[in-house]
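Dear colleague,

Please find below the structure that I am handing over to you.

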Amino acid sequence: MEAISANLATVCGRIEAAARAAGRPAEGVTLVAVSKTHPADSVRAALAAGQRVFGENRVQEAIAKFPGLRRDYPDLKLHLIGPLQTNKVKDAVAHCDVIETVDRARLAEALAREMEKTGRRLPCFIEVNTGEEAQKAGVLPEAADAFIADCRGRLGLQIVGLMCIPPEHEEPALHFALLREIAKRNRLDQLSMGMSADFETAIRFGATHVRVGTAIFGARQTAAAAAAK
Ligand SMILES: *Cc1c(COP(=O)(O)O)cnc(C)c1O
């Protein structure tokens, strides 16, 4: 748990240095600490060290972990960064503060209905599949402009920016540049991009949110490794 505090300090230092090198203020970059698969005690260690923004990729895991933490730290913010099924929209809107993975009309419609009903109008990012990978979520780059317009116009969602997860074995900078370009022409100023391996590059390309898990909380257990214990 002491490692988490030290890791956080290291990551924050690297964010500051990358921002400075890019001629940007460090406050312009929000660290989203990705706590998926790690226990609530690990999140607590990060909270004790001053971290307030977290990311989870599964709604059920967020519900299991975060309500107790929120009681003790009412100012924490939880970003949903994983694929969202429409049957989990109600729970997602109730338990998260930002939805980063709006990627299709059916989901956007379900989110708009639920936010209207509950009055919880959460900021949303649209996920763009910049690598056009078949197995990956996200709207295709060529469909992004129309989808963004539909989400903002017809559905009235509060779209604040774009998010991407570049293909594993490609130069991430090309994908970060593409995401920045799509955001710029749609007048969106927030970019969620960059993970443990490439957040400094992402900051160079304008990331306002970096999603960092491993560099803070350590390696995640695979399901196989957990079962072998
Ligand atoms: C797990 C995850 C991250 C964090 O990845 P690390 O390499 O552990 O920093 C970031 N974004 C998304 C969408 C993730 O699922």
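Predicted model: local features only at pLDDT ≥ 70, side-chain atom pairs only at ≥ 80, totals over all residues.

Several polar side-chain atoms may be examined individually. In Thr214, one such atom lies 2.5 Å from an oxygen atom of the ligand. Lys36 likewise places a polar side-chain atom 2.6 Å from a ligand oxygen. For Arg211, an N or O atom of the side chain is 2.8 Å from a nitrogen atom of the ligand. On its own, the ligand has 390 Å² of accessible area, of which the protein covers 89%.

Salt bridges were also counted. Side chains of opposite charge can pair when their charged atoms come close. With a cut-off of 4 Å between the side-chain nitrogen and the carboxyl oxygen, the count comes to 13 salt bridges. One of these joins the side chains of Lys65 and Glu61, with 2.9 Å from N to O. Both residues belong to helix α3, which spans residues 59–72. Lys65 and Glu61 are four residues apart there, about one turn of the helix.

With kind regards

Note on methods
Residues numbered from 1 in each chain as written. Heavy atoms only, no water. Polar contact = N/O pair within 3.5 Å; in protein donor to acceptor, adjacent residues only side chain to side chain. Areas by Shrake-Rupley, 256 points an atom, 1.4 Å probe, with all protein chains shown as cover. Helix = DSSP H or I, 4+ residues; strand = E, 2+ residues; numbered from the N terminus.
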